[in-house]
Amino acid sequence: LQKSGSFQKSAPWFIALLRKIVESAAFTYTILGLIMVNLVLLGIEVDLGSVMPYGQAPPWFYEINLIIVIIFTCEVLAKILLFGFRNFFCGNEQWWNIFDFAVVMLS
């Protein structure tokens, strides 16, 4: 592809596909939905934890939480891959990205 007199490399097909997915409204709404599901599960876990002995939460709490954390980690890694470190941490959505990165790292 030629742009303004210079050649611009086209992205590999998987990067182009990943960008299309990450920048889609469906992806954003899916992540928001997972955040809400995670909040509800956290509330249930805290409620059950107040009446159950320590460490006796149902094992599926851990498994679902692990799956959600893996999805959130993939989201952050995909954004860093697509936008680069500089744009991820210093771009238009820097504060949201820094918060997102911190929450995922703490998880």
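**Salt bridges, pockets and a surface patch**

Student: By about how many helical turns are Glu-75 and Lys-79 separated in helix 3?

Tutor: Glu-75 and Lys-79 are four residues apart in helix 3, so about one helical turn separates them. The model is a predicted one.

Student: What makes the contact between the side chains of Glu-75 and Lys-79 a salt bridge?

Tutor: The term requires a side-chain nitrogen of Lys or Arg within 4 Å of a carboxyl oxygen of Asp or Glu. For Glu-75 and Lys-79 the distance from N to O is 3.2 Å. This value is within the 4 Å cut-off, and therefore the pair counts as a salt bridge. Side chains of opposite charge can pair when their charged atoms come close.

Student: Why is Glu-75 called buried?

Tutor: The relative accessible area of Glu-75 is 5%. Buried means under 20%, so Glu-75 belongs to that class.

Student: Is Lys-79 buried or exposed?

Tutor: Lys-79 has a relative accessible area of 12%. This is again under 20%, and therefore Lys-79 is buried.

Student: How many salt bridges does a search of the whole structure find?

Tutor: The search finds two. Besides the pair in helix 3, the side chains of Arg-19 and Glu-23 meet in a salt bridge, at 3.4 Å from N to O.

Student: How do you know which accessibility class Arg-19 belongs to?

Tutor: Arg-19 stands at 31% relative accessibility. Buried requires under 20% and exposed over 50%; Arg-19 lies in between, so it counts as partly exposed.

Student: Which residues form a nonpolar patch on the surface?

Tutor: The patch is formed by Trp-13, Phe-14, Leu-17 and Ile-21, with about 470 Å² of accessible area together.

Student: Why is Trp-60 called partly exposed?

Tutor: Trp-60, in helix 3, has a relative accessible area of 42%. That value falls between the 20% and 50% limits, and therefore Trp-60 is partly exposed.

Student: What is the volume of the largest pocket, and which residues lie nearest its centre?

Tutor: The volume of the largest pocket is about 380 Å³. Its lining has 17 residues, of which Lys-79, Phe-83, Glu-93, Trp-96 and Asn-97 lie nearest the centre. Helix 2 (25-49), helix 3 (59-90) and helix 4 (94-106) each give two or more residues to this lining. Helix 2 gives the most, with five residues. By class, the lining divides into seven nonpolar, five polar and five charged residues.

Student: Which element gives the most to the lining of the second largest pocket?

Tutor: Helix 4 does, with five residues. The second largest pocket has a volume of about 220 Å³, and its lining includes Glu-75, Trp-96 and Phe-99. Helix 2, helix 3 and helix 4 are the elements that give two or more residues to this lining.

Student: How many residues of each class are in the lining of the second largest pocket?

Tutor: This lining has eight nonpolar, two polar and two charged residues.

Conventions. Residues are numbered from 1 along each chain as its sequence is written. This is a predicted model: local features need pLDDT of at least 70, side-chain atom pairs count only at pLDDT 80 or more; totals for chains, interfaces and linings use all residues. Side-chain values use heavy atoms; hydrogens and water are left out. Patches are made of residues with over 30% relative accessible area and no salt bridge: like charges are joined within 9 Å, nonpolar side chains (Val, Leu, Ile, Met, Phe, Trp, Tyr) within 5 Å. Accessible areas come from the Shrake-Rupley method with a 1.4 Å probe; for residues, only the protein chains shown count as cover. On a 1 Å grid over the protein atoms alone, a cavity is a set of points where a 1.4 Å probe fits but cannot get out, and a pocket is an open set with protein on both sides within 12 Å along at least five of seven lines; lining residues have an atom within 4 Å of a point. Grid points are joined across faces, edges and corners, and a volume is the space filled by probe spheres set on the points. Ala, Val, Leu, Ile, Met, Phe, Trp, Tyr, Cys and Pro count as nonpolar, Asp, Glu, Lys and Arg as charged, and the others, Gly among them, as polar. Buried means under 20% relative accessible area, exposed over 50%, partly exposed in between (1.4 Å probe, protein chains only).
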